[in-house]
Amino acid sequence: MWDFPGGRTGGNRYLVLGLGAGQDADLAVPPDRDDLIAYGPLLSDDGATWLGTAALVRAPDPDKARAVLTPDRYADIEVHNWRFGGRPS
């Protein structure tokens with residue numbers, strides 16, 4: 001995340017959480033990485049079960065941020081405003 005070439009300021013940033021439903025999804029990092037800050041699976045405490053996928057992205061709006069994940073592979077996808085250091089107050 002700290003190596004993100006887009007810098008820490010400018011543009012909208014989002015935390016995208018895909019909450020799992022069934023088979024693992026979106027395990028590979030998306031090919032278009034220019035606006036991808038961080039990306040990876042959400043795993044159970046023992047690391048054995050896939051629970052979803054998390055992404056930090058720079059995007060023009062929440063809908064574009066949501067598009068980083070495959071919509072029909074999740075029970076729900078949450079999109080939250082985010083900034084380096086945590087979510088804005």
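# Questions on a predicted model

User: How many aromatic pairs does the count come to?
Analyst: This is a predicted model. Two rings pair if their centres lie within 6.5 Å. By this rule the count comes to one aromatic pair.

User: Which class does the pair of Trp50 and Tyr74 fall in: stacked, edge-to-face or tilted?
Analyst: The ring centres of Trp50 and Tyr74 are 5.8 Å apart, and the angle between the planes is 45°. Stacked needs under 30 degrees, and edge-to-face needs over 60. The pair is therefore tilted.

User: How many residues apart in sequence are the parts that this pair ties together?
Analyst: Trp50 sits in strand β3. Tyr74 belongs to strand β4, which covers residues 74-81. So the pair ties together parts whose separation in sequence is 24 residues.

User: Are Trp50 and Tyr74 buried or exposed?
Analyst: The cut-off for buried is under 20% relative accessible area. Trp50 and Tyr74 are both buried.

User: What pattern does the protein follow along the sequence?
Analyst: The protein has one helix and four strands. Read along the sequence, their order is β-β-β-α-β.

User: Is Thr53 buried or exposed?
Analyst: Thr53 lies in strand β3. Its contacts beyond four places in sequence include Val16, Tyr39, Leu69 and Tyr74. The relative accessibility of Thr53 is 0%, so Thr53 counts as buried.

User: Which residue has its backbone oxygen 3.3 Å from a polar atom of the Thr53 side chain?
Analyst: Leaving aside neighbours within four places in sequence, Thr53 is in contact with residues including Gly18, Ala25 and Asp26. One of these has its backbone oxygen 3.3 Å from a polar atom of the Thr53 side chain: Ala25.

User: What is the phi of Asp26?
Analyst: Asp26 lies in the loop between β1 (13-20) and β2. Asp26 is not a glycine, yet its phi is positive. The value is about 50°.

User: Which side chain makes a polar contact with the side chain of Ser44?
Analyst: Ser44 is in the loop between β2 (36-43) and β3. Leaving aside neighbours within four places in sequence, Ser44 is in contact with Thr49 and Leu51. Its side chain also makes a polar contact at 2.6 Å, with the side chain of Asp46.

User: Is Ser44 buried or exposed?
Analyst: The relative accessible area of Ser44 is 18%. Buried means under 20%. Ser44 is therefore buried.

User: Is Ala67 buried or exposed?
Analyst: Ala67 is in the loop between α1 and β4. Its relative accessibility is 58%. The cut-off is over 50%, so Ala67 counts as exposed.

User: How many Å apart in space are Ala67 and Val16, C-alpha to C-alpha?
Analyst: In sequence, 51 residues separate Ala67 and Val16. In space, C-alpha to C-alpha, the distance is 9.4 Å.

User: Which elements each supply at least two residues of the lining of the largest pocket?
Analyst: The largest pocket has a volume of about 220 Å³. Its lining has 13 residues, with Asp32, Asp35, Val57, Lys64 and Val68 nearest the centre. The elements that each supply at least two lining residues are β3 (50-58) and α1 (62-66).

User: How many residues of that lining are charged?
Analyst: Eight residues of the lining of the largest pocket are nonpolar, and none is polar. The charged ones number five.

User: What share of the residues in the protein is buried?
Analyst: The protein has 89 residues. Buried residues make up 33%.

Technical notes. Residues are numbered from 1 along each chain as its sequence is written. This is a predicted model: local features need pLDDT of at least 70, side-chain atom pairs count only at pLDDT 80 or more; totals for chains, interfaces and linings use all residues. Side-chain values use heavy atoms; hydrogens and water are left out. On a 1 Å grid over the protein atoms alone, a cavity is a set of points where a 1.4 Å probe fits but cannot get out, and a pocket is an open set with protein on both sides within 12 Å along at least five of seven lines; lining residues have an atom within 4 Å of a point. Grid points are joined across faces, edges and corners, and a volume is the space filled by probe spheres set on the points. Ala, Val, Leu, Ile, Met, Phe, Trp, Tyr, Cys and Pro count as nonpolar, Asp, Glu, Lys and Arg as charged, and the others, Gly among them, as polar. Rings of Phe, Tyr and Trp (its six-membered ring) pair if their centres lie within 6.5 Å; planes under 30 degrees apart count as stacked, over 60 as edge-to-face and the rest as tilted. Buried means under 20% relative accessible area, exposed over 50%, partly exposed in between (1.4 Å probe, protein chains only). A polar contact is a pair of N or O atoms within 3.5 Å; within protein, one must be able to donate a hydrogen and the other to accept it, and residues adjacent in sequence count only if both atoms are side-chain atoms. Contact means heavy atoms within 4.5 Å.
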